[in-house]
Amino acid sequence: MNATDRPRFAPDWLELRERADAAARAPELLRPLRERLFAQPAPDGSRGLVIRDLGCGTGSMGRWLAVRLPGPQHWVLHDHDPLLLAHAGARMPITAADGTPVEATTTRGDLADLSAADLAGTSLVTASALLDLLTCEEVEDLAEACVGAGCPALLALSVAGRVELTPSDPLDTEIAEAFNDHQRRTDQGRALLGPDAIAAAVAAFERRGATVLVRSSPWRLGCVESALIAEWLRGWVGAAHAQRPELAPDAVAYLRRRLEECAAGELNVEVYHTDLLALPRPVSGSA
């Protein structure tokens with residue numbers, strides 16, 4: 001798959017969702033992650049943790065995680081979009097949880113080309129809102145690379161296929177089902193996993209002997225997040241309508257009602273995601 005086949009995301013959307021993402025991430029996965037990362041002392045001359053953030057976007061995962069891990073860190077930020085890489089590289093933290101330095105470099109390219117050899121010397125692979133954009137084969141390849149390198153993977157905020165809106169509306173279920181079908185669509189010959197991605201990733205890592213932990217990481221949005229809710233609604237309903245054109249004009253009227261409720265501060269939304277931590281067995285020479 002070529003890098004140009006990847007969907008592009010506007011920096012404004014990624015910025016808008018960053019606070020909700022940070023609040024949703026599952027912090028309980030950090031303890032087993034730290035235990036694994038620091039199970040062995042760093043070798044003499046080591047520059048500390050080497051962390052690769054796949055599909056880094058504007059760098060929100062790095063900004064959230066770097067300050068929660070101790071010790072010197074070198075982040076390698078991967079994305080196909082040079083604009084997003086520029087945002088991410090410029091805004092990484094410069095110190096870790098214990099005040100030691102954090103460095104970052106950026107690299108542009110196709111995430112699907114990463115192999116175990118590419119991950120040699122990597123302490124951790126991270127990604128946010130990425131798994132559901134991959135195919136089954138790509139998830140298998142990612143698991144193969146991480147397990148082959150003995151490299152843990154923290155894969156956050158994958159869509160779970162479940163949304164709850166309060167107050168409810170008769171069209172909620174139909175819109176949600178159409179959106180989930182859109183997430184599972186075949187795009188330029190690629191059969192996307194959408195909400196099936198977590199189950200596929202768990203199976204792929206466990207089949208290769210990794211220990212896998214999963215935790216729910218939902219957005220819980222109210223009137224304070226009205227701007228995010230409104231933008232999410234437009235994308236959610238738009239994707240549903242694109243998948244099932246026969247929903248028009250009901251989808252148009254539904255979106256209008258929901259945006260009016262949002263503007264009045266009367267709409268609460270829970271968008272369910274899942275965070276996954278995969279802990280492969282260490283290989284000789286890995287962290």
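Helices (H or I, at least four residues) and strands (E, at least two) are DSSP runs, numbered from the N terminus. In this description, Pro 249 lies in the loop between α8 and α9 (250–263), and a cis peptide bond, with omega about 5°, joins Ala 248 to Pro 249. The structure is a predicted model, in which local features need pLDDT of at least 70 and side-chain atom pairs count only at pLDDT 80 or more, while totals for chains, interfaces and linings use all residues. Residues are numbered from 1 along each chain as its sequence is written, and side-chain values use heavy atoms, with hydrogens and water left out.

A cis peptide bond is also found from Thr 166 to Pro 167, where omega is near 5°. Pro 167 is placed in the loop between β5 and α6.

Helix α1 (residues 11–24) contains 14 residues, and the distance from its first C-alpha to its last is 20 Å, close to the 20 Å expected at 1.5 Å a residue; the expected span is 1.5 Å times one less than the number of residues. The helix has a kink of about 45° centred on Glu 18, where the bend at a residue is the angle between axes fitted to the seven residues ending there and the seven starting there. Pro 11, Trp 13, Leu 14, Arg 17, Glu 18, Ala 20, Asp 21 and Ala 24 of α1 are buried, a term that means under 20% relative accessible area, with exposed meaning over 50% and partly exposed in between (1.4 Å probe, protein chains only). The cover over the buried residues of α1 includes α3 (60–65), α4 (82–90), β5 (153–166), β9 (219–221) and α8.

One of these buried residues, Asp 21, has a relative accessible area of 4%. When its neighbours within four places in sequence are left aside, Asp 21 is in contact (heavy atoms within 4.5 Å) with Leu 157 and Trp 219. Leu 157 is found in strand β5 and, because its relative accessibility is 1%, counts as buried. Although Leu 157 is not a glycine, its phi is positive, at about 60°. A positive phi, near 50°, also occurs at Gln 188, again a residue other than glycine. Gln 188 is placed in the loop between β6 (186–187) and β7 (190–191), and its relative accessibility of 60% is the reason why it counts as exposed.

Strand β5 also holds Gly 161, which counts as partly exposed because its relative accessibility is 30%. Leaving aside neighbours within four places in sequence, Gly 161 is in contact with Asn 180, Pro 195 and Tyr 272. Gly 161 and Gln 183 are 22 residues apart in sequence, and their C-alpha atoms are 8.9 Å apart in space.

Two packed helices are described by the angle between their axes and the distance between the axes. For α6 (residues 172–183) and α8 (residues 226–243), the axes come within 8 Å and cross at roughly 75°. The two helices α6 and α8 are therefore roughly perpendicular to each other. Axes are lines fitted to C-alpha atoms, for helices over the stretch in contact, and angles run from 0 to 180 degrees between N-to-C directions; angles under 35 degrees count as roughly parallel, over 145 as roughly antiparallel, 65 to 115 as roughly perpendicular and the rest as oblique. On the α6 side, the residues that meet α8 include Ile 175, Ala 176 and Phe 179, and on the α8 side, the residues that meet α6 include Trp 236, Val 237 and Ala 240. The residues of this contact divide into nine nonpolar, two polar and two charged, where Ala, Val, Leu, Ile, Met, Phe, Trp, Tyr, Cys and Pro count as nonpolar, Asp, Glu, Lys and Arg as charged, and the others, Gly among them, as polar.
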